[in-house]
Amino acid sequence: MRLLARFLGLFARAAGWALGLRAVSTVLAGLAPVLSAWLARELINHLIAHRGTAAWLSTAALAATATLIAILQHVNRYADQEITRRVALRTQAELFTALTRLPGLAELENPQFQDRLRLAQQIGQGGPQQLIGAAFGLAQSAVLVGGFLVTLIVASPVVAPLVLLSALPMLWAQLKLSRQSVDMSLRITPNIRRQMFYSMLLLDTRAAKEIRLFGLGDFLRGRMLTELTQAQAGERRIDRTALRVNGLLSLLTGVVSTIALIVHVNQIAAGRGSVGDIAVLIAALASVQSGLAGIVTEIATANEFLLLFGHYVHVTTVPVDTPAGQTEELPTLRGAIELRDVWFRYHPDHDWVLRGVNLTIPAGESLALVGLNGAGKSTLVKLICRLYEPTRGTITWDGTDISEVDVAQLRKRIGVVFQDYMSYELSAAENIALGDLDALTDEPRLRAAAAEVDLDDTITALPRGYQTMLSRVFEPSDDHVAGVVLSGGQWQRVAIARAVIRSSADLLILDEPSAGLDAAAEHSIHESLRRLRQGRSSLLISHRLNAVRQADRIVVLDGGVVTEQGTHDILMAVGGAYAALFRTQAGGYQLVPDTAGAKT
Ligand SMILES: Nc1ncnc2c1ncn2[C@@H]1O[C@H](COP(=O)(O)OP(=O)(O)OP(=O)(O)O)[C@@H](O)[C@H]1O
């Protein structure tokens, strides 16, 4: 009942006057057939009694009622569409508010949460239409049944209760079917999500190259259709059960109707009741039975929808995966960021990634983090940004545990280029300004950020400069100038400009910022980064040790712990893992004599 109240509240807030309109027209639509039946009775009786004027009047009233019924259908359809639109808008707004309120990644990476999310989205998609149909169909059926039930009781006090009782097994069966249907929806959701994944992959322009080159089209299409077939098999099972159950219930209704008709016909044959009464009685019986069947079906549909709404409530009220912390502004970093005995694993079933990391990032120092693939470097960055919480240990910002700091305040202080940075199908200006939305219309700031990474000339030369769309799939709404796709290295610079424009940031984190750059570009980017990092707290992750050597301090992460740290010279003198890595890399660049003795 609490769920129902919450649900009705959502509908009332979202749809307002459209619901009122639908309610009025539903009551009228429910009453109109009752009125028609009585008018038909009057007409037949007037005709038999040869009362001409009265018969004409009844005919006119019947015609007016039929017209009203026709108009009401259109009014109902319009009101339904309006309610659907409004509820869809509201539910999408609530769902995505809840999703953007989730500060961490843990819940988003949870498959069960994703399954529930998909079901919750149905509330805003086909759901409202179904439910409005069910709710108003229920009201209409109730009015219809109410109107004819009196007639039926007057006509046959024995048959009326029989007809009513026959609705009970229907109700039980339909409620059971609706629960089975929702359970099945949850079971096939992983198939549907995978089917959506394959279909989106086949549409994705970034995936298109590999799909074509490796000839993956048929393979992925086959997988997509397999998932769809499996999902449909689940739906088919439920539909077949429904077919069997509903068939049996119709048989029961038929038996009750036959008994009722025999009783009525016998009564009329025995001279009890007029000929006009036969029409009313047959109409009453048919209407009460179909009305009751309607009520039962609508209750079951509403029940199914409410069960789905449970998933919606779960998603919109899921507790945040990162504690809220205090909301006061986080002061500029003056001392250091410190990691103390930080342990982390992504899931209790997984192995530890970090096994007691101790690390200090002093304010104003440029720090470089190196380690083999999978050592946990990016994971450490994600913990500093509070995208995950350490399983054990603490991270402090000038002595304050960051888990006690408001996430948004903490992130204001960080500019970051993730290893898997985003390329947004938006304009060049927007792509940079996403780092600080205040700069969205501030072209000088955008240009300054782009200039820091030698990108200003490139963007200025684009067909519409900073307003050029960085996408071939979308184009700006105001003109039809084709968008542009940047090269990998240019996109990387855009990502760095996005981090750089964040003027509130004290800490600049760069996770493999030059991986996609050519040698000249890498050199120039690292020159820019060196400028940018001077006097600024920064954390650079890179496998290019030549870029790392200028850092104030180099930290080596291995086996989930910090194994070495110091300047390049100190680490080279120590001759540990860093020195070995550096020599291996440097060896690859040595000039070696070729067989003819010439230098190559
Ligand atoms: N979201 C995640 N869920 C589960 N495991 C993850 C996730 N992200 C990373 N891992 C695992 O954590 C370990 C460390 O990954 P991480 O990306 O931090 O390494 P890295 O040092 O940055 O590696 P690379 O140099 O290759 O970028 C890896 O074994 C990886 O499989």
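Mentor: Happy to; here is a walk through the core, and then through what lies elsewhere. Keep in mind that this is a predicted model.

The largest nonpolar core is made of 68 residues. Within that core, A368, I432 and A497 have the most contacts. Its leading contributor is helix α16, spanning residues 488–500, which supplies six residues. The core also takes at least three residues from each of two domains: domain 2 (333–413 + 506–600) and domain 3 (422–504). In soluble globular proteins, nonpolar side chains tend to be buried together.

Now zoom in on I432. Leaving aside residues up to four places away in sequence, I432 touches L446, A449 and A450, and also V494, A497, R498 and I501.

For contrast, look at the ligand. Its surroundings include E109, Y346 and V353, the run G371, N373, G374, A375, G376, K377, S378 and T379, and Q419. Sorted by class, this shell holds seven polar, three nonpolar and two charged residues.

Finally, an unreviewed UniProt entry annotates residues 53–72 and 245–265 as "transmembrane region". In the model, residues 53–72 are 100% helix, with end C-alpha atoms 29 Å apart. Residues 245–265 are likewise 100% helix, and their end C-alpha atoms lie 30 Å apart.

Methods:
Residues numbered from 1 in each chain as written. Predicted model: local features only at pLDDT ≥ 70, side-chain atom pairs only at ≥ 80, totals over all residues. UniProt positions renumbered as here; feature names shortened; annotations may be inferred. Helix = DSSP H or I, 4+ residues; strand = E, 2+ residues; numbered from the N terminus. Core = buried A, V, L, I, M, F, W, Y, C linked by C-beta atoms within 7 Å. Buried ≥ 20, exposed ≤ 12 C-beta atoms within 10 Å, placed from the backbone. Domains from an automatic or database assignment. Contact = placed C-beta atoms within 7 Å. Near = placed C-beta within 6 Å. Nonpolar A, V, L, I, M, F, W, Y, C, P; charged D, E, K, R; others polar.
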